[in-house]
Every structure is written in structure tokens, then in C-alpha cells.
Amino acid sequence: MTVEQERASDTVALRRALDAVPAYRPGKPAAARADVTSYKVSSNENPYPPLPSVLKVVQEAATQMNRYPDMAVTALTDRLAQELNVSADQIATGTGSVGVLAQLLQITCDPGDEVVYAWRSFEAYPIVVALAGAVSVQVPLDADARHDLPAMADAITDRTRLVLVCTPNNPTGPAVGAAELEEFLARVPRDVLVVVDEAYLEFGRDESAVRGLDVLARHSNVAVLRTFSKAYGLAGLRVGYAVAQPRVAEALRKAATPFGVSDIAQRAAIASLDVRHELQERVDDLVAERDRVVAALAEQGWTIPDSQANFVWLPLGEDTLDFAAAADEAGLTVRPFAGDGVRATIAERAANDRLIEVAAAFRNR
């Protein structure tokens with residue numbers, strides 16, 4: 001770039017809303033070490049490689065990558081409708097649940113409208129809200145790192161257009177109860193859309209937790225957000241979906257990036273549904289590992305929130321960055337949230353053992 005071009009770029013008018021957009025910080029990759037095996041538990045990825053049957057479908061689909069995909073994502077939409085026992089016109093797909101989340105903001109919020117959500121919660125929430133020109137209304141989690149739904153209901157005003165409920169909550173782990181969400185919905189105006197974000201649904205074992213599709217069947221102002229990135233292990237292919245009332249789903253499809261879901265992603269998602277029993281075995285193993293890690297940390301004296309996801313949360317407060325540094329020194333990359341705590345994804349058993357060791361050493365320093 002020439003000096004003249006650089007100077008000209010300084011005068012280009014950009015949206016003022018960008019000033020309010022925080023930067024998304026992806027999980028730090030594990031640095032290669034000569035002395036120890038390094039592990040990355042800073043991103044909520046499925047540690048297992050693709051199943052052979054899914055990988056075969058992906059390889060076959062790659063031979064057609066010179067062609068545009070089906071813009072309507074028809075095959076996956078129909079399959080999801082069958083799997084979830086809903087009509088196809090209630091399904092809207094997108095580039096991961098984050099992509100669908102951005103579509104939700106586009107169809108509900110004008111500049112200055114408000115979006116209510118718990119905090120701390122999914123780091124993308126304030127980003128997509130700000131990019132839409134909307135205003136974030138962040139309601140602090142309670143003492144157990146759970147959604148404070150009464151306080152969230154109190155935060156709703158006549159400018160509120162969207163409420164986001166992340167269950168299980170990322171990064172702290174607890175799920176929202178079915179009964180408490182019903183009480184909350186009774187206080188939400190019917191013209192406000194409530195999104196039940198279930199990115200980690202498959203890892204939950206709490207029988208009292210909410211199930212988004214059950215709520216959707218009873219409330220016209222609810223949408224359910226899901227992804228193939230976590231339990232299904234397709235994080236790199238970017239495919240997610242929403243289930244909503246037909247009018248909302250139709251609006252979401254209008255707001256979708258044309259051809260956003262690739263043919264490879266669509267076929268891989270369908271193939272993953274075909275082998276759900278094999279994937280469930282992997283999920284069950286991860287849940288067992290999660291419970292083992294939580295039990296070990298509790299024995300050390302840590303107070304760990306009730307995680308129903310594929311990660312654990314250490315509420316470290318001001319010690320957060322020191323713990324992350326200690327983990328990094330031991331060859332383990334965790335996800336620190338400065339001043340709040342550390343999230344560690346449940347990964348390979350050896351990585352989980354490393355986390356237990358680091359936590360014990362840090363507590364006994």
C-alpha cells in the first residue's frame with residue numbers, strides 16, 4: 001500500500017457501531033514443546049477425529065466443490081425436520097450457530113434496540129449485538145454461575161427485542177431448569193423473541209434442565225439454536241440451525257448468507273445423524289471424563305459449578321491469568337477470562353490428567 005493509499009483509507013467512513021464491537025478471542029493453540037506433550041483445551045472442540053463413515057462422505061463431496069451448494073440446504077432441512085419431529089418450514093440453517101445468531105439479530109433488531117442476556121456467557125453475544133447496532137443488556141450470573149432469570153426479566157424494557165438464554169451456559173457450564181424458564185417466559189412480552197441456545201445440549205445429564213423443543217411447542221416467541229460443531233465434531237465445517245415458528249424461520253432464511261452452508265458441511269451433518277449411536281458413545285465418554293475431572297477438582301477443594309457441557313469452569317477471579325500461565329508452563333493451554341475464571345475443555349484423558357495436576361499444584365502453591 002502506498003503512502004497516499006494509506007492516508008486515503010484513514011478518511012473512509014465506517015459505521016460508528018464498530019466502536020462498540022469487542023474482539024473475539026479464539027482459544028489459544030497449544031505451543032509445540034520438546035520436553036512435554038502439549039494439549040489445547042482452550043476451545044470447546046470434540047477431541048475425537050472424524051468417524052470413518054463421515055470422513056468418507058466429506059471426501060466424496062469434496063470432488064464437487066467447484067459447484068455451488070444447494071442454497072436452501074434442502075436435504076439437511078428435511079432430515080432435521082424428521083429427526084426433531086417438526087415441520088421443515090420451522091428449520092433455518094446457517095454457518096454454525098453463530099451464523100444463525102447473527103441472522104436472529106438481523107431479523108429482530110433495529111439500531112438502538114436492546115438484547116438481554118446473562119454475563120458472563122458466550123463471548124460472541126456482545127459482538128453480534130454490537131454489529132447489528134443494537135445495545136447489550138448484560139445481567140450478571142448468580143453466585144452459582146447460573147442465569148439469574150428473575151433479574152433478566154426485570155431488565156426487559158419496551159426497547160427489548162431479543163433475549164438470549166445459553167443452556168448449558170458457556171463458559172460456566174450450568175443448565176437452565178425447565179420450571180424456572182417457564183416462570184421467566186410468563187414475564188416476557190409475547191413480541192420479544194427468546195432464543196434458547198443449546199450448543200452443548202448433548203452433554204447434559206440434568207433431568208430437570210430445559211429442553212428447547214418442548215418449550216417451543218408451548219411458546220410462539222421462542223426459538224431454539226443448535227450446532228453440529230460440538231457433540232458432532234464438525235467445528236471446522238460451520239453448520240448450525242435454528243428451530244422456530246414458521247414466520248421466524250422464514251425470516252431467518254431471508255437473512256442467511258447465500259450458499260453459506262457448503263455441500264460438504266450439509267452432507268457431513270446428514271452422515272453424522274446417520275451414525276448418531278457411534279457419536280453418542282463418544283459423548284458418553286466425554287461426560288464420564290467431565291465427571292471424573294470435576295470429582296478430582298472437588299477433592300482438591302475447588303468449588304466447581306455444575307457443568308452440563310464439555311468443559312469445566314474454575315472461578316479464579318484475580319488469579320485467572322496466573323493460573324493460565326501456570327497451565328501454559330505445564331504444556332496445557334486453557335481459556336482464561338481475565339478477572340472471572342478459566343474454562344478448560346474436556347479433551348483426551350492425558351490432557352484432563354494434566355489439568356488435574358496443574359490445579360492441584362496451583363492450589364497448594
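User: Val73: buried or exposed?

Analyst: Val73 counts as buried, because its relative accessibility is 3%. Here buried means under 20% relative accessible area, exposed means over 50%, and partly exposed lies in between, with a 1.4 Å probe and protein chains only. The model is predicted, with local features needing pLDDT of at least 70 and side-chain atom pairs counting only at pLDDT 80 or more, while totals for chains, interfaces and linings use all residues. Residues are numbered from 1 along each chain as its sequence is written, and side-chain values use heavy atoms, leaving out hydrogens and water.

User: Where is Val73, and what is its phi?

Analyst: Val73 is in the loop between α2 and α3 (74–84), where helices (H or I, at least four residues) and strands (E, at least two) are DSSP runs numbered from the N terminus. The phi of Val73 is near 50°, a positive value in a residue other than glycine. Most residues other than glycine have a negative phi, and most peptide bonds are trans.

User: What about Phe259?

Analyst: Phe259 also has a positive phi, near 60°. It belongs to the loop between α9 (246–255) and α10. Phe259 is partly exposed, with a relative accessible area of 35%.

User: Which residues does a cis peptide bond join?

Analyst: Thr167 and Pro168 are joined by one, with omega of about -5°. Asn170 and Pro171 are also joined by a cis peptide bond, with omega of about 20°. Pro168 lies in the loop between β5 (160–166) and α7 (178–185), and Pro171 is found in the loop between β5 and α7 as well.

User: New topic. How do the axes of α2 and α10 cross?

Analyst: The axes of α2 (residues 52–62) and α10 (residues 263–274) come within 9 Å and cross at roughly 155°. Axes are lines fitted to C-alpha atoms, for helices over the stretch in contact, and angles run from 0 to 180 degrees between N-to-C directions. The crossing therefore makes α2 roughly antiparallel to α10; angles under 35 degrees count as roughly parallel, over 145 as roughly antiparallel, 65 to 115 as roughly perpendicular and the rest as oblique.

User: And what does UniProt say about Lys230?

Analyst: An unreviewed UniProt entry places "modified residue: N6-(pyridoxal phosphate)lysine" at Lys230. UniProt positions follow the numbering used here, feature names are shortened, and annotations may be inferred rather than shown by experiment. Lys230 sits in the loop between β7 (222–227) and β8 (240–243).

User: Buried or exposed, that Lys230?

Analyst: Lys230 is buried, with a relative accessible area of 18%.
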